[in-house]
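Please keep the structure in view while reading, and look up each part as it is named.

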Amino acid sequence: MTDLFKTDRLETLLPQLEAFFWEEIAPLEKDFLSQPFNQVAQKCEALREKAKEKGLWGLHLSEKQGGLGLSLVEFGQLSELLGQSPLGHYVFNCQAPDIGNMELLAHAGTEVQKEQFLQPLLEGKIRSCFAMTEPQFAGSNPVHMATKAEKKGEHYIINGHKWFTTAADGATFSIVMAITHPEAPKHQRASMIIVPTDTAGFVLVRNIPIMGEEGEGYMSHAEIKYENCQVPQSYLIGEEGQGFALAQQRLGPGRIHHCMRWIGICERAFAMMCQRAVSRELSPETSLADKQVIQHWIAEARANINAARLMVLDTARQIDLYGARAAKDAISSIKFFVSDILMKTLDRAIQVHGALGITDDTILSFWYRHERGARIYDGADEVHKSALARSVLKQYR
Ligand SMILES: Cc1cc2nc3c(=O)[nH]c(=O)nc-3n(C[C@H](O)[C@H](O)[C@H](O)COP(=O)(O)OP(=O)(O)OC[C@H]3O[C@@H](n4cnc5c(N)ncnc54)[C@H](O)[C@@H]3O)c2cc1C
């Protein structure tokens, strides 16, 4: 941890949250590793109530929304702590994709949309999902898609095929990116439309198995068909043709959330790696920690995680001060830098644990499977590297 980004509010809040995390959330990990997710989710409901009672609800929300009104720098540091368990963000209702949808609706939703969809989301009464990616099109080029929304009377009729819609199983509504203006310039063709999941024609085809596990409820990624889904035109978010611009806005702060969560995972894996290194005896006189190669892994991981944290918090600071658009190079940098360190740290932690590392007796293997996606979602790392390089090279041309 660094003191550079500490604030008075964090001095009070962080110890409270730490106590809650280790006393209430961390003990659920055993259940998480051995039970279907929906069973564990029920236990999380009780913890949500406790968090509300303790005044810890709404870590990511403005005061107007009933939250604590923290800056992104402050929220980032809490997010790191919550990231040390796969349930941390979920218990505090600041999990992706809901957190991004909350920000989107708060920013661009109508008053009626806020009342109908945002408010219950903020209260943790419902969940939502976000559907942009399609199996037949490269998600790396988000303006390239086939899902269409056509006007008929007072409604949109939506037809399309999406996949990797995280947490659609059990969600109350989906925010769907669909083409409304096929003839417009490519960045102005699509719009974002709310589709309640009980709309006729909303077909959840399957939860996609990820490395052998299809998951359920919040912990799943769905393939979905939209077959003549009819929704009122008042379910349009923002203006027609603004879908791409809104998606960019949605993803900016979202990358800080993911990166800080990844640093939390790194810290947890790092602690587990060190504990295992000192406790695993190779002989009565020596432990793994006495071996130089293990020491080097530990030193490298320590330096990498520290560097990653400073980069992410500095990016959060830039967003707080100047907005996500101005911080776009910094955002691209942390996206690929931190996801790479996450993968390396998890891999080393597993290696130090030996065979135990690939079992489901520790949390490491869950993260190894499920966080592999970190280098792919929210813009594949290669796309961010190209964007950053293009921006840097402009100064030399
Ligand atoms: C765990 C997970 C959760 C997700 N959740 C959601 C969600 O909730 N909603 C949603 O809409 N989508 C979601 N996605 C989808 C995600 O946004 C896409 O997977 C991502 O945009 C990449 O698109 P793609 O999979 O089609 O890969 P492609 O675009 O086909 O790219 C494949 C690979 O090609 C390389 N590549 C691509 N473009 C370039 C380039 N310009 N230069 C160099 N190399 C390149 C990269 O290595 C990339 O990984 C999720 C994905 C994952 C893995």
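The domain bounds used here come from an automatic or database domain assignment. In this predicted model, that assignment divides the protein chain into domain 1 (8-101), domain 2 (128-237) and domain 3 (244-394).

**The ligand and its shell**

- Of the 19 residues around the ligand, those that come nearest are Met132, Ala138, Gly139, Ser140 and Gly373.
- Two or more residues of this shell are given by each of strand E1 (128-131), strand E3 (155-166) and helix H12 (381-394).
- Sorted by class, the shell around the ligand holds ten nonpolar, eight polar and one charged residues.
- Because domain 2 (128-237) and domain 3 (244-394) both give residues to the shell, the ligand lies between these two domains.

**Domain 1 and domain 2**

- The C-alpha centres of domain 1 and domain 2 are 28 Å apart, and the contact takes eleven residues from domain 1 and eleven residues from domain 2.
- On the side of domain 1 that touches domain 2, helix H3 (37-53) and helix H6 (98-108) each supply at least two residues.
- The residues on that side of domain 1 divide into six nonpolar, four polar and one charged.

**Helix H6 against helix H8**

- Two packed helices are described by the angle between their axes and the distance between the axes.
- For H6 and helix H8 (residues 243-279), the axes come within 9 Å and cross at roughly 135°, which makes H6 oblique to H8.
- The crossing of H6 and H8 is right-handed.
- From H6, the residues Ile99, Gly100, Glu103, Leu104, His107 and Ala108 meet Leu246, Gln249, Arg250, Pro253, Gly254 and His257 of H8, and by class this contact has five nonpolar, five polar and two charged residues.

**Two backbone details**

- Most residues other than glycine have a negative phi, and most peptide bonds are trans.
- The peptide bond from Ala96 to Pro97, however, is cis, with omega near 0°, and Pro97 lies in the loop between helix H5 (88-91) and H6.
- Met211, a residue other than glycine, has a positive phi, near 45°, and its place is in the loop between strand E6 (202-207) and strand E7 (221-232).

Key
Residues numbered from 1 in each chain as written. Predicted model: local features only at pLDDT ≥ 70, side-chain atom pairs only at ≥ 80, totals over all residues. Near = placed C-beta within 6 Å. Helix = DSSP H or I, 4+ residues; strand = E, 2+ residues; numbered from the N terminus. Nonpolar A, V, L, I, M, F, W, Y, C, P; charged D, E, K, R; others polar. Contact = placed C-beta atoms within 7 Å. Axes fitted to C-alpha atoms, helices over the stretch in contact; angles between N-to-C directions. Parallel < 35°, antiparallel > 145°, perpendicular 65-115°, else oblique. Left-handed = near helix turned anticlockwise from the far one by under 90°.
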